[in-house]
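Here is a short briefing on a ligand site, a pocket and the salt bridges. Please look over the model before reading on.

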Amino acid sequence: MPLMSHLEELKEFLSQPRRIVITSHTNPDGDAMGSSLALYNYLLPLGHKVSVIVPSNYPDFLKWMPGDQKVYIYPYQVTESQRLIGEAELIFCLDYNALSRIGDVGTHVAANPCPKVLIDHHLFPEDFARYVLHLVEASSTAELVYEFLEQLGAADKVTTDIATCLYVGILTDTGGFQYPNTSARVHRIVAHLMDAGIDHNKIYRDVFNSFNEMRLRLFGYSITEKLKIYPDYKAAMISLNKEELQRFQVRSGDTEGIVNYPLKIQGINFAAFIVDRTEAIKLSFRSVGQFDVNQFSRKYFNGGGHINAAGGISKDTLEQTIAKFEQVLPEFKDQLHY
Ligand code: 5GP
Ligand code: MN
């Protein structure tokens with residue numbers, strides 16, 4: 001495990017009360033919110049003024065973690081968020097590594113010359129932070145936040161609240177401890193989180209088993225009616241248009257997880273989920289094994305992420321985006337056969 005760069009300097013900086021802003025990526029997921037709120041719950045009792053600011057709204061199944069009520073959702077609190085970012089003495093950048101990933105928030109973060117702290121596990125980090133803890137092999141940013149706390153000598157200060165947030169990050173980014181990066185170290189950290197008093201059964205249910213009826217029906221519909229298989233490429237795709245989103249009264253986060261279902265089919269190595277969010281077409285990619293969806297997404301859909309999980313964006317129509325996806329698939333035929 002690498003050390004946070006300039007760790008001693010950062011420790012010294014944090015030895016006085018500071019105005020701190022914690023940011024994470026657009027469409028925050030469990031790791032983004034879990035990491036941010038874990039750090040928030042650690043820093044606040046030390047006397048710092050801490051604000052978590054995210055660039056967009058996030059799913060209800062994440063809106064219960066300790067400190068959630070205090071989160072600033074930038075588009076809903078623009079002026080206040082801008083003021084906090086402008087006045088910050090230190091800005092944490094969690095679970096992303098390019099300022100373009102945080103939309104307009106990035107402009108304001110970049111405009112403040114204060115030092116930034118990057119804690120992240122995505123590929124190809126940009127060079128904008130003074131303090132960096134970056135490890136692609138990490139299961140989650142939450143795992144790295146735990147490492148950071150340990151490097152600060154604060155492992156024994158992990159309260160139940162902090163542990164709960166970290167557990168959400170690890171649980172969601174490992175897909176429930178299934179992905180290859182779920183190391184022995186991750187399990188040791190989780191053991192410590194359990195010792196700190198988390199209710200892992202309740203957390204699991206709150207995050208994964210808190211659907212409303214329409215959301216479950218949307219999943220069923222997506223699988224029975226919308227799943228398209230490309231046997232020549234060991235690939236599958238599910239798309240949802242605006243009308244379908246309306247019919248199922250889809251709210252932010254309701255489609256989270258659909259992309260994983262095609263990978264339950266033996267022999268499918270690559271799954272795509274394409275959805276018409278009004279602002280743009282959003283794509284999610286997942287793979288099993290060696291197929292690099294990060295590269296795929298970077299090349300054709302202005303995106304990025306990890307080897308086995310990435311996302312992207314398209315300004316074309318849904319139909320054009322699906323057509324493009326199908327057009328580029330053959331280029332990867334050899335890479336998808338294993
Ligand atoms: P999801 O499909 O769950 O939205 O995202 C999967 C992974 O890809 C996450 O690690 C996320 O941070 C990353 N990701 C999602 N969308 C984008 C995007 O538009 N650009 C980049 N660079 N990464 C993305
Ligand atoms: Mn993550």
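β12 gives the most to the shell around ligand 1, with four residues. This is a predicted model.

**Ligand 1: the shell**

- Three strands each supply at least two residues of the shell around ligand 1: β10 (280–287), β11 (304–305) and β12 (309–314).
- By class, the shell around ligand 1 holds two nonpolar, eight polar and three charged residues.
- There are 13 residues around ligand 1, and those that come nearest are Arg-101, His-122, Lys-282, Ser-284 and Arg-286.

**Ligand 1: polar contacts and cover**

- Ser-284 has a side-chain N or O atom 2.6 Å from an oxygen atom of ligand 1.
- His-122 places a polar side-chain atom 2.7 Å from an oxygen atom of ligand 1.
- For Arg-101, a polar side-chain atom lies 3.0 Å from an oxygen atom of ligand 1.
- On its own, ligand 1 has 490 Å² of accessible area, and the protein covers 83% of that.

**Second largest pocket**

- The second largest pocket contains about 190 Å³ of space.
- Two elements give two or more residues to the lining of this pocket: α10 (242–247) and β9 (270–277).
- α10 provides the largest share of the lining, three residues.
- The lining residues include Lys-242, Leu-245 and Gln-246. Gln-249, Val-250, Arg-251 and Ser-252 also line the pocket.
- By class, the lining of the second largest pocket has five charged, four polar and two nonpolar residues.

**Salt bridges**

- The count comes to 16 salt bridges, with a side-chain nitrogen of Lys or Arg within 4 Å of a carboxyl oxygen of Asp or Glu as the rule.
- One of them joins Arg-185 and Glu-150, whose closest N and O atoms are 3.1 Å apart.
- Arg-185 sits in helix α7 (residues 184–195) and Glu-150 in helix α5 (residues 141–151), so this pair ties together parts that are 35 residues apart in sequence.

Definitions and conventions
Residues are numbered from 1 along each chain as its sequence is written. Chains are lettered from A and ligands numbered from 1 in the order in which they are written. This is a predicted model: local features need pLDDT of at least 70, side-chain atom pairs count only at pLDDT 80 or more; totals for chains, interfaces and linings use all residues. Side-chain values use heavy atoms; hydrogens and water are left out. On a 1 Å grid over the protein atoms alone, a cavity is a set of points where a 1.4 Å probe fits but cannot get out, and a pocket is an open set with protein on both sides within 12 Å along at least five of seven lines; lining residues have an atom within 4 Å of a point. Grid points are joined across faces, edges and corners, and a volume is the space filled by probe spheres set on the points. Ala, Val, Leu, Ile, Met, Phe, Trp, Tyr, Cys and Pro count as nonpolar, Asp, Glu, Lys and Arg as charged, and the others, Gly among them, as polar. A residue is near a molecule or strand if one of its heavy atoms lies within 4 Å of it. A polar contact is a pair of N or O atoms within 3.5 Å; within protein, one must be able to donate a hydrogen and the other to accept it, and residues adjacent in sequence count only if both atoms are side-chain atoms. Accessible areas come from the Shrake-Rupley method with a 1.4 Å probe; for residues, only the protein chains shown count as cover.
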